[in-house]
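Dear colleague,

I am passing on the structure we spoke about, and below it you will find my notes on what was found. Please read them with the model open beside you.

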Amino acid sequence: MMKILNDEQEVRRAEAIAALQQRIRSCRLCQEHGYIRQAHPIVSGRATDRILVIGQAPGHRSIAKDLPFSGPGGRILQKWLEQAGFPPGYLHEHTYLSSLTHCDPGRNPRGNGDRRPSPQEVALCRPFLEAELQLLRPKVVLLVGTMAIEAFFGKVRLEDIIGTFKERDEMLLLPLPHPSGVSRWLNDAEHMELLRKALEILAEWRITYGL
């Protein structure tokens, strides 16, 4: 009887996540408010995923492929996962991929990378992210980049937070630097050591929790 109830709960949860993803893809709020020219929200993941990846926002390559983390940053993040013992392809096949905003904010006016979404854009999209957290209940949440980290940790220095984690509502929150060629943070050997510590933590969780 207990297994039947659990199976029914999992089916309902999967249906709820699918419905939420459809609402996300149908959202046009940032376009209607004039923050972006053309809304194209993307999201990827399954109800069975136990790792939730939260980034800043999808870039133009991800929008073109309709798949988060499709650009160089996604390839680097996959390599980091492999350093923690996860198999090739794990990022897109077994993690739920989300972000503070689900649309591409566009290019940075200064020409160096993507524009950071405004606080107003993040606020419009935050209910979707909170719903994803509530429905998915992941064991591990990877906060990728300064914006994603500060959305959960408050104002921090990467040097003080990378290589540490927090537990919140039975979820393990692990900050990671942004895996972008635009970011120069990882050019420092001491910063690379902090990243190594973070990946060691993730490797331990992979074994402990069977991720």
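**The loop between β4 and β5**

Glu170 has its place in the loop between β4 and β5, where helices (H or I, at least four residues) and strands (E, at least two) are DSSP runs numbered from the N terminus. This is a predicted model, in which local features need pLDDT of at least 70 and side-chain atom pairs count only at pLDDT 80 or more, while totals for chains, interfaces and linings use all residues. Residues are numbered from 1 along each chain as its sequence is written, and side-chain values use heavy atoms, with hydrogens and water left out.

The phi of Glu170 is positive, near 70°, although the residue is not a glycine, and with a relative accessible area of 62% Glu170 is exposed; here buried means under 20% relative accessible area, exposed over 50%, and partly exposed in between (1.4 Å probe, protein chains only). Asp169 is found in that loop as well, with a positive phi near 55° and a relative accessibility of 53%, which counts as exposed. As background, most residues other than glycine have a negative phi. The two strands β4 and β5 form a hairpin with two residues between them, and they pair in the antiparallel sense over three bridges, two strands being taken as paired if DSSP finds at least two bridges between them. Within this pairing, Lys166 stands opposite Leu173 in β5.

**The strands**

Six of the six residues of β5 are buried, so this strand is largely enclosed by the rest of the structure. Met171, Leu173 and Pro175 point one way from β5, whereas Leu172, Leu174 and Leu176 point the other way. Such a pattern is what one looks for, since in a regular strand the side chains alternate between the two faces of the sheet.

For β3 (140-144), five of the five residues are buried, so β3 too is largely enclosed by the rest of the structure, with Val140, Leu142 and Val144 on one side and Val141 and Leu143 on the other. The strands β3 and β5 pair in the parallel sense over five bridges; Val141 has Leu173 as its bridge partner in β5, and Val144 stands opposite Leu176. Strand β1 (residues 51-55) pairs with β3, also in the parallel sense, over four bridges, and there the bridge partner of Val53 is Leu142.

The 20 residues of α9 (residues 189-208) should span 28 Å at 1.5 Å a residue, and the end C-alpha atoms are 29 Å apart, which agrees; the expected span is 1.5 Å times one less than the number of residues. The buried residues of α9 are His191, Leu194, Leu195, Ala198, Leu199, Ile201, Leu202 and Trp205. Seen down the axis, they fall within an arc of 150°, so they line one face of the helix, the arc being that of the directions from the helix axis to the C-beta atoms. On the other side of α9, Ala189, Glu190, Glu204, Ile207 and Thr208 are exposed. Among the elements that cover the buried residues are α4 (72-83) and α8 (158-161), with contact meaning heavy atoms within 4.5 Å.

After α7 comes Gly154, with a positive phi near 80°.

Finally, Gln78 is found in helix α4 and is buried, with a relative accessible area of 10%. A polar atom of the Gln78 side chain lies 2.8 Å from the backbone nitrogen of Leu91. Leaving aside neighbours within four places in sequence, Gln78 is in contact with Pro87, Pro88, Gly89, Tyr90 and Leu91.

With best regards

Technical notes: Polar contact = N/O pair within 3.5 Å; in protein donor to acceptor, adjacent residues only side chain to side chain.
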